[in-house]
Amino acid sequence: MILQSIRHLELVHALARHRHFGRAAKALGVSQPSLTRSLKHLEDQLGVRLFERNDGVAPTLFGRLIIERGEALLTAHAELMREIDLLKGLEIGELSVAAGPFPAEISAQKALGLLAAQHPILQLKLSTTDWTRVVGDILQGRADIGLADMSEAAHHPELDTDPVRTSSLAFYCRAGHPLTARAPLTVEDLMDFPWVGPTAPARVRLAMQQTERPFGYFSDVGQRFSPRITVDTVSAARDVVLASDALSVSLPTLIERELRAGLYALLPIDLPWMRLNYGFIWKKGRTLSPAANKFMQFVRAIETETPL
């Protein structure tokens, strides 16, 4: 005869730990008579006495054997139940992500696709929006996790961040643009044409002169720079550039196909302050869901494969 269930192991371990029927019963969430009956039934099945009931409760040689051998089984059972609970969270849960334009294009969209492929019943939502609005979405509970420039989040102590990418951005234009025939280029040259993209972090504003030129404008009493043509996605910026004299910035790898096809041209100018600096953003103290953690794993894997 063998032990019939994990519950039997839990009973033996509880009695060995508490050395008292009443306390062991309370720990197991059963009545003391029920615990006593279960132990007698188990001992009858095994044909041995597991505990002495003289002065207190003490395991016999047989009881100690079950305790020693059963420890690994109880640990394995606990791990199994934990994995089941995690999988439940991945199978029937939901995840709302708010991402800035560049992280959405580089990794968030693909990561969400991979997550959906592995867990098709998950309810998933991705909103691509301005990096400042990502912070608002997290603070107001509209999104579980954000992936955006961390400048705004740094001003909110109630938020946690985890860096993902720091990369320089390159200016590009349509093929045949007037600037492709001009060298060397200065930032003043770029300011003579409209820029297209999302609003820029404060470091961009600090690096530029506040001047009335076609490239963009300063709003909120000079606190934020916006390109002349504001869009919410990287693909929208590409379309505008292709159809006009507007300039935009990108990781070269994101427009590699168009560059090879001769649709765009990279402009030979390096501006250190024009860079990506984004990461994960979430509410401090909030335990991230299994779906959020899985999404973050996919994002990091994709980011590792994407050149800086």
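P184 sits in a loop, the one between strand 7 (170-174) and helix 7 (187-190). The model is predicted. In it, a cis peptide bond joins A183 and P184. The omega angle there is about -5°. Most peptide bonds are trans, and most residues other than glycine have a negative phi.

Two packed helices are described by the angle between their axes and the distance between the axes. Helix 2 (residues 21-28) packs against helix 3 (residues 32-46) at an angle of about 100°. Their axes are 8 Å apart. Angles of 65 to 115 degrees count as roughly perpendicular, and helix 2 and helix 3 are therefore roughly perpendicular to each other. Which residues meet? Helix 2 brings F21, G22, A24, A25 and L28. Helix 3 brings Q32, L35, T36 and L39. By class, the contact of helix 2 with helix 3 has six nonpolar residues, three polar and no charged.

The axes of helix 5 and helix 9 (residues 234-242) come within 8 Å. They cross at roughly 105°, which means that helix 5 is roughly perpendicular to helix 9. On the helix 5 side, P101, F102 and E105 make the contact. On the helix 9 side, V234, S235 and R238 do. This contact of helix 5 with helix 9 includes charged residues: two of them, with three nonpolar and one polar.

How many cavities of 30 Å³ or more does the structure hold? There is one. The largest cavity has a volume of about 380 Å³. Its lining counts 28 residues, and F102, P198, T199, A200 and P201 are the closest to its centre. Which strand gives the most? Strand 14 does, with four residues. Is the lining mostly nonpolar or charged? It has 20 nonpolar residues, with five polar and three charged.

Now turn to the aromatic rings. A pair of aromatic rings is described by the distance of the centres and the angle of the planes. A search of the whole structure finds six aromatic pairs. One of them is formed by F215 and F225. Their centres lie 5.3 Å apart, with 15° between the planes. Planes under 30 degrees apart count as stacked, so F215 and F225 form a stacked pair. F215 lies in the loop between helix 8 and strand 9 (216-219), and F225 in strand 10. The pair therefore ties together parts that are 10 residues apart in sequence.

Notes: Residues are numbered from 1 along each chain as its sequence is written. This is a predicted model: local features need pLDDT of at least 70, side-chain atom pairs count only at pLDDT 80 or more; totals for chains, interfaces and linings use all residues. Side-chain values use heavy atoms; hydrogens and water are left out. On a 1 Å grid over the protein atoms alone, a cavity is a set of points where a 1.4 Å probe fits but cannot get out, and a pocket is an open set with protein on both sides within 12 Å along at least five of seven lines; lining residues have an atom within 4 Å of a point. Grid points are joined across faces, edges and corners, and a volume is the space filled by probe spheres set on the points. Helices (H or I, at least four residues) and strands (E, at least two) are DSSP runs, numbered from the N terminus. Ala, Val, Leu, Ile, Met, Phe, Trp, Tyr, Cys and Pro count as nonpolar, Asp, Glu, Lys and Arg as charged, and the others, Gly among them, as polar. Axes are lines fitted to C-alpha atoms, for helices over the stretch in contact, and angles run from 0 to 180 degrees between N-to-C directions. Angles under 35 degrees count as roughly parallel, over 145 as roughly antiparallel, 65 to 115 as roughly perpendicular and the rest as oblique. Contact means heavy atoms within 4.5 Å. Rings of Phe, Tyr and Trp (its six-membered ring) pair if their centres lie within 6.5 Å; planes under 30 degrees apart count as stacked, over 60 as edge-to-face and the rest as tilted.
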